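Please read them with the structure open.

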Amino acid sequence: TDNGVAISVPDIFFATNSAQLSGDAKKVLARIGRTLRTLQNRHIRVRGHTDSTGAEEYNQQLSEKRAEAVAGYLVDEAELNPDSLSYDGRGARDPVADNSLEEGRARNRRVEILLLDR
């Protein structure tokens, strides 16, 4: 991006209407967290996304909850400095797959981790 590096995390997807991290997602985040701890000159932003089902306001709130769940895990379990981390949600605005197909909707229920220049 113009501000840093975006990491798509393909193994961290969410069930419909859920911000709950699966056991597999936690394992992936633990590995990512170990790497992120070594970065001293980057701010980390977790960005949540949803599929296009549901109302826009609901999707926005859900995407923020997903980002918050990942950010919280990275702080609590991977021991990242909370001052070097933030999160936000994008709702359904930035799909990576076709929302008319179940497989596409599943891929859109995701988070991204952005490594931003300070």
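**Notes on the predicted model**

1. Setting aside neighbours within four places in sequence, Asn108 is in contact (heavy atoms within 4.5 Å) with His49, Thr50, Asp51, Pro95, Val96, Ala97 and Asn99. This is a predicted model, in which local features need pLDDT of at least 70 and side-chain atom pairs count only at pLDDT 80 or more, while totals for chains, interfaces and linings use all residues. Residues are numbered from 1 along each chain as its sequence is written, and side-chain values use heavy atoms, with hydrogens and water left out.

2. Asn108 belongs to helix α3, residues 102-108. Helices (H or I, at least four residues) and strands (E, at least two) are DSSP runs numbered from the N terminus. Asn108 counts as buried because its relative accessibility is 0%; buried means under 20% relative accessible area, exposed over 50%, and partly exposed in between, with a 1.4 Å probe and protein chains only. The Asn108 side chain comes to 2.7 Å from the backbone nitrogen of Val96.

3. Strand β4 covers residues 110-117, and seven of its eight residues are buried, so this strand is largely enclosed by the rest of the structure. Strand β2 (residues 42-48) is mostly covered too, with five of its seven residues buried.

4. How do β2 and β4 run relative to each other, parallel or antiparallel? They are antiparallel, joined by seven bridges; strands pair if DSSP finds at least two bridges between them. Within this pairing, Arg42 stands opposite Asp117, and His43 has Leu116 as its bridge partner.

5. β2 also pairs with β3, here in the parallel sense and over five bridges. In β3, Tyr87 is the bridge partner of Val46. As a general point, side chains in a regular strand alternate between the two faces of the sheet.

6. Ile12 sits in strand β1, residues 4-13. Ile12 is buried, because its relative accessibility is 0%. Beyond neighbours within four places in sequence, Ile12 is in contact with Leu21, Ala25, Val28, Leu29, Val70, Arg109, Arg110 and Val111. Ile12 and Thr50 are 38 residues apart in sequence, and their C-alpha atoms are 12 Å apart in space.

7. Glu56 lies in helix α2, residues 56-76, and counts as exposed because its relative accessible area is 67%. Its C-alpha atom is separated by 7.5 Å from that of Ala92, 36 residues away along the chain. Asp83 is in the loop between α2 and β3 (85-89) and is exposed at 67% relative accessibility. Asp83 and His43 are 40 residues apart in sequence and 8.6 Å apart in space, C-alpha to C-alpha.

8. How many cavities of 30 Å³ or more does the structure hold? There is one. On a 1 Å grid over the protein atoms alone, a cavity is a set of points where a 1.4 Å probe fits but cannot get out, and lining residues have an atom within 4 Å of a point. The volume of the largest cavity is about 30 Å³, taken as the space filled by probe spheres set on the points, which are joined across faces, edges and corners.

9. The lining of the largest cavity consists of Thr16, Asn17, Asp51, Thr53, Tyr58, Asn59, Leu62, Arg66 and Arg109. These residues divide into two nonpolar, four polar and three charged. Ala, Val, Leu, Ile, Met, Phe, Trp, Tyr, Cys and Pro count as nonpolar, Asp, Glu, Lys and Arg as charged, and the others, Gly among them, as polar.

Note on methods: On a 1 Å grid over the protein atoms alone, a cavity is a set of points where a 1.4 Å probe fits but cannot get out, and a pocket is an open set with protein on both sides within 12 Å along at least five of seven lines; lining residues have an atom within 4 Å of a point. A polar contact is a pair of N or O atoms within 3.5 Å; within protein, one must be able to donate a hydrogen and the other to accept it, and residues adjacent in sequence count only if both atoms are side-chain atoms.
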